[in-house]
Amino acid sequence: MLALYVAKPNELELRRLETVRSPQGDEVKIKLIYGGICGSDLGVLKGKLPHANYPVRAGHELVGVIIEKGEQAAYDIGTRVVVLPNTYCGACDLCQKGLTNICRHKQSLGINTDGGFSQEFIISSKYVLPVPDDLSDEKAVLVEPFAVVVHALSKARIEPTMRVAVVGCGNEGMMAAVLARHFGADVTAVDVNPLKLETVKAMADIRTLAPDALSGETFDVVIEAAGAREAVEQAAELVAPGGHLVLIGLANEATFPVVRLVRNEVTVHGSIIYRFPDDYWQAIHYLRTMPHPIERVISRIFPVCDYEQAYELASSGNAGKVVLRFKEEEER
Ligand SMILES: [Zn+2]
Ligand SMILES: [Zn+2]
């Protein structure tokens, strides 16, 4: 069985392991179909995440099938599921308020606890959710990153005809632009990379611009998804009076035009991951019903044995989502 580890910063390792133990209690054993490579997977590999633990099995965007279950597991063998890759304790003050996404004892798969880039792995059934049969594997592997977007957009209550700008067209930015368009907003997507803008345009009727092409325009809602200082600062300038700025990128620092934000009564939201299962259910709902071909955000699917090429493409800055295929992969 193949499993992909980050042994230490800058060292990916495809390990060949014996089969996994049997699941116990509420656990299930999952046979992985696809795993999506995320910006945070690249961050762990590059040694950029201070809370990462090494060695760690990579991966948290996961769709697979339950092949074995413990006696108290919530779902049956054969169920296709996606995984919640951020644990929560259910007992801390934040969990008690329903804020499980910022649980004080949260652990993140593939970062500070073993992830799911493994042909088989075991997880508590508390952290899996079945996906409907009519949701393709390609859309199902997007449920986790798309749930981030669903959660972020819920902060700003986007309505038809609202003017929305998305600054930064990484995978989350692209999906945010498409979802805002699906909500009926008039959407402008901003990125320096023309390839990303082309990809957004291929998914929905969205206006696309380079950052320096915006002059004096303002928007009811601005989503910052680039995670860079300049992008955050530009996003803050783009919000119309009474508007909302939603920050999902992880820039370390930026300078805010405080007087402008105060005088214009702009609401600033930070948004991190999602509430489980609600945002997952919503994400699944939109992925099933949106007419937009959102799976085009996936640039390429590589067999897991080609993990080096896959990580290289993912970190090139010239790709959308890169996915690893684990099913039907023989060891070479
Ligand atoms: Zn992710
Ligand atoms: Zn908690």
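Okay, ground rules. What we have is a predicted model, where local features need pLDDT of at least 70, side-chain atom pairs count only at pLDDT 80 or more, and totals for chains, interfaces and linings use all residues. Residues are numbered from 1 along each chain as its sequence is written, while chains are lettered from A and ligands numbered from 1 in the order in which they are written.

So, the annotation. An unreviewed UniProt entry puts "domain: Enoyl reductase (ER)" on residues 7–324; such annotations may be inferred rather than shown by experiment. That span is 27% helix and 26% strand, and its end C-alpha atoms sit 18 Å apart. Helices here are DSSP runs of H or I, at least four residues, and strands are E runs of at least two, numbered from the N terminus.

Now the inside. Which residues have the most contacts inside the largest nonpolar core? They're Val143, Val166 and Ala176, in a core of 101 residues. Helix H4 (residues 143–156) gives the largest share of this core, nine residues. By core I mean buried Ala, Val, Leu, Ile, Met, Phe, Trp, Tyr and Cys residues joined through C-beta atoms within 7 Å; buried is 20 or more other C-beta atoms within 10 Å, exposed is 12 or fewer, and partly exposed is in between, with C-beta atoms placed from the backbone.

Last stop, leucine 42, in helix H1 (residues 39–45). Leucine 42 is partly exposed, because 16 other C-beta atoms lie within 10 Å. Its C-alpha is 29 Å from that of valine 164, 122 residues away along the chain.
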